[in-house]
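Hello,

Here is the structure I promised to pass on. My notes follow below it.

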Amino acid sequence: MPEITILKRPREEAVITQRMFFKKTARGKVIKVLRERYLRDDISCGVDGCRACDASAQTILSHSGDTTHKNFPTGHYILPDTNVFLAQMDLIESNYFTPPIIILQTVMEEVRHRSLPLYSRLKALTTTDERKVWVFYNEFRSETAIVRETDETPNDRNDRGIRKAAEWYNTHLKLAHPPIRGQPNLAPPKVVLITDDFANRQKADKEKIPCISVRNYVDGMKNSDQLLDLLSATGSDEVEPTRAVAGRTALYADYLPMSTLLAGVKAGQLHQGHFNANQYNYLEGTVPVPAFTKPVLLVGRENMNRAVQGDVVVVEVFDEREWKAPTDEVIDQEATLKNDDAEDSEEEGDDLMVHEHESKALRAEHTKKVPTEKQPTGRVVGIIKRNWRAYVCHIDSTSLTSSNATSLGLQTVFATPVSRLLPRIRLRTRQAPSLVGNKILVTIDRWEITSRYPEGHFVRTLGKAESKEAEQESLLLEFEVPYRPFGKAILDCLPPEGEQWVVPPKSAAIPEWRDRTDLRDLIICSIDPPGCQDIDDALHARRLTNGNIEAGVHIADVSHFVHPETAMDSEAAARGSTVYLVDKRIDMLPALLGTNLCSLRPHVERLAFSVIWEMTVDAEIVDVRFTKSVIASKAAFEYGEAQLRKDDPNLNDKLTQSIRLLNSLAQKLKAKRMAAGALNLASPEVKIHLDSSESSDPVDVEQKALHETNSLVEEFMLLANTSVAEKTQGSFPQTSVLRRHLPPPPTNFEKLQDILQKRKGLKLDVSSSGALADSLDKCLDPKEPAFNTLVRIMATRCMLSAEYFSSGSVSRDTFGHYGLASPIYTHFTSPIRRYADVLVHRQLAAAIGYTPLHPSLHSKMHVERIMEVVNRRHRMAQMAGRASVEFYVGLALKGRNEREKEVTEDAFVIRTFRNGLGVFVSKLGLEGLVMFKRDTQFDAENYTISVPSSDIGRPDVTISVFDKVTVRIEVEKDKNTQRGRVKMTLVSPVDSRAL
């Protein structure tokens, strides 16, 4: 019997190899966690040709390092600390910043704990082929692993670990570059610690570790002119504040400590919510909070206290006697602050003048309000989470110093964001003259209490303003749409056969045919918008021998190709949705899947997931079954083509009969939905006519035509989604992916109800979705057929947004979809373009026993996290699509302006201001402002404005909400932002150019 020897590890070694920390559980219990750390001495340094490391180890860093920096002529590598990545990621990611980088495990972990978005960018940096980046696992190398000392903070421990790794690297490289007989004794390259922490640099100097600040390092680079503008103001302790910030009295109150904020919110004394800026008045904002039915109103700069659109803020609500009502005047930031100086804008005289102007505008408004209009009013006392990111901006040309207009010296200028919801950003740049007329990216770094504006730094140029390429990229960036090309790891997940992939011949031994129903003989067709390439749904209907009807919806089986925990699945989850622009589509999945292998093209066999109902002729459901299938679509129609086929009395083939049968059922299904209280809402939809299929130049705009076949497809998609929701929720009650539409608070409709009552004598009942549907049907104007559509558009804006959710995260009584009057709903029918649908496919496949459910979809927390991302991406995709349409409508109008002497269109007044009108041009789906410079008589209570007549001696003209007017539409170039802007003026009932 062999002898067994048990060796016990010395206690002093256990101190190094064991990591202990305390963790708080979900229930608030604190537990001690002890983790074993296995130390090694064979972790490679990553330097090519290192003689001290294993020759077979992977290397990325060149043998001599970077020799182009003037401070390190013998070569060097940089080793940044955590704060460099947290504050200077734009610099690190720049194509001009190319030194070899060593990223420590300590730094990676600290960045992950501090900011997940920055951690994702850092991870992406480590995998790119264009950069030399090495991740060194210092916590597992015996010579660099350290333990936290008594009374040492976690931050000090990490700083010491970073210095220890830098010291080891420099010692190690001396061994890697031993002197060679007969050759000159060259100094080895250095590993330079990059840190903006002055105390850390002092300790590094004392320990003889090469170190330098970020700014000093960039100053020594050969392309420092391009890189210095990328430096974040927050990251450096050497950046002098602008004169506007230094030595100034505070304009804003300091934020309360985080502990005070959280305690106040918990006690109900303070309130937390998202800050929303007012697009018409830059001096107002609101914060919706659960405690009040109306959002908390913030009036004036001081009360908004440096909050930026989307920030999660904490507000203090004033006493009810101090509550106010929102303004009825358009107050434009550009007009009010056009003479502000970027460098000297906080001088006493200027500050008092601007403050007086702003205060006067607000006082004039809030002293004239009806008491019943007032709402909770308060001020921001703290920020829970900033929403700062890179914003698309233009340099305000008037903020350049005239003497430096052609100089490349450092100047302070204003960057004006494209979004009206954002404040101007003050930044320092050496490239100001060359940036004028371009769209640029700017990131906010800080907003001091002494500065009227936030400070930021230049990131990169997007291109000339108004060029389609720059406008398109800026649109994608503004709405945070991921548009990078699919990487190799993602493309490697595609079938190796590529475009040659086909459904294999039917056989029980073939995996594709396992448990699939063969539906290739069914008369199936697809009906889609014009030009649709990603066809993810098809339909069929046929009569059964028992007199009933079989109807089926067949959806592309995307989950067959996109498997959980693959690179393609992770990318699809991150993108969340395909984004449709006027002349471009940003796909959620690679084109091989989206427009080919998954697309249900005609006359091609495709894998599908089918929902098949047996119905009576009255559209009563007798039975429903779900099955994976193989189909072969017989035709792909556009809506108009299918409509013509259905209406053609000379056609009576099986395909036409199927369409007519589907249409008959769809009409009955819709009637049942409407009877149950479903809403028939409206949104402005227009079609852009492009010059040709090759060109993206718009030539005209028209309203989209709707056919019966649009409703046909919609009804069956709704039915499929509802049927699938019932099935998956029954099988997975805790993690089923569903979609809900919460009932809007009645207060959302108060303004619309009051306008309808006073201007048209109509009543809007919002007690239930059915009551709202009935009263919307009665909102008619015999003289104006478009009035009902306008009211439905305005009612839609009073609604809450629908959202995805995990069934176990909310109470069962909140599952319902208000707009559809359905007790349960999900999205199943568009997996090519929506990631939520992919998850629903996986859950349905598990529910019918086709495949087991992946463990991640059993985790409520995991599903909730994905739903949060998908909801955000879905919203952003919608906004990007609308912005794209708006941009192309502007281009089309610009072309019409050049061809025609004057462009005029009919419009409806949808809002009245003290100094203007909000109008809606239904033909173009375009909303705009008509501004009056002269004094007007404004009646806020009755939503009217009286303006002087164009004809001398005639009485004033009164204009009210819902009035039909004629507007003149021009596209003018804004002299500051250099972008085209739609300008509207009244033609009738009065010519507003004289006003």
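What does the accessible surface of the protein come to, and what share belongs to carbon and sulfur atoms? The surface is about 47,500 Å², and 51% of that belongs to carbon and sulfur atoms. Areas come from the Shrake-Rupley method with a 1.4 Å probe.

Some ground rules. This is a predicted model: local features need pLDDT of at least 70, side-chain atom pairs count only at pLDDT 80 or more, and totals for chains, interfaces and linings use all residues. Residues are numbered from 1 along each chain as its sequence is written, and side-chain values use heavy atoms, with hydrogens and water left out.

The overall picture: the protein has 26 helices and 39 strands. These are DSSP runs, numbered from the N terminus (helices are H or I, at least four residues; strands are E, at least two). Of its 995 residues, 52% count as buried, meaning under 20% relative accessible area (1.4 Å probe, protein chains only).

Now a helix pair. The axes of α20 (residues 654–675) and α21 (residues 708–731) come within 8 Å and cross at roughly 65 degrees. Axes are lines fitted to C-alpha atoms over the stretch in contact, and angles run from 0 to 180 degrees between N-to-C directions. The two helices are therefore roughly perpendicular (65 to 115 degrees). Contact means heavy atoms within 4.5 Å. Among the residues that meet are Leu662 and Leu665 in α20, and Leu712 and Phe716 in α21.

Last, helix α23 (residues 769–777). Its buried residues include Ala771, Leu772 and Leu776. Their cover includes α24 (787–796).

Best wishes

Key
Parallel < 35°, antiparallel > 145°, perpendicular 65-115°, else oblique. Buried < 20%, exposed > 50% of the residue type's maximum accessible area, 1.4 Å probe, protein only.
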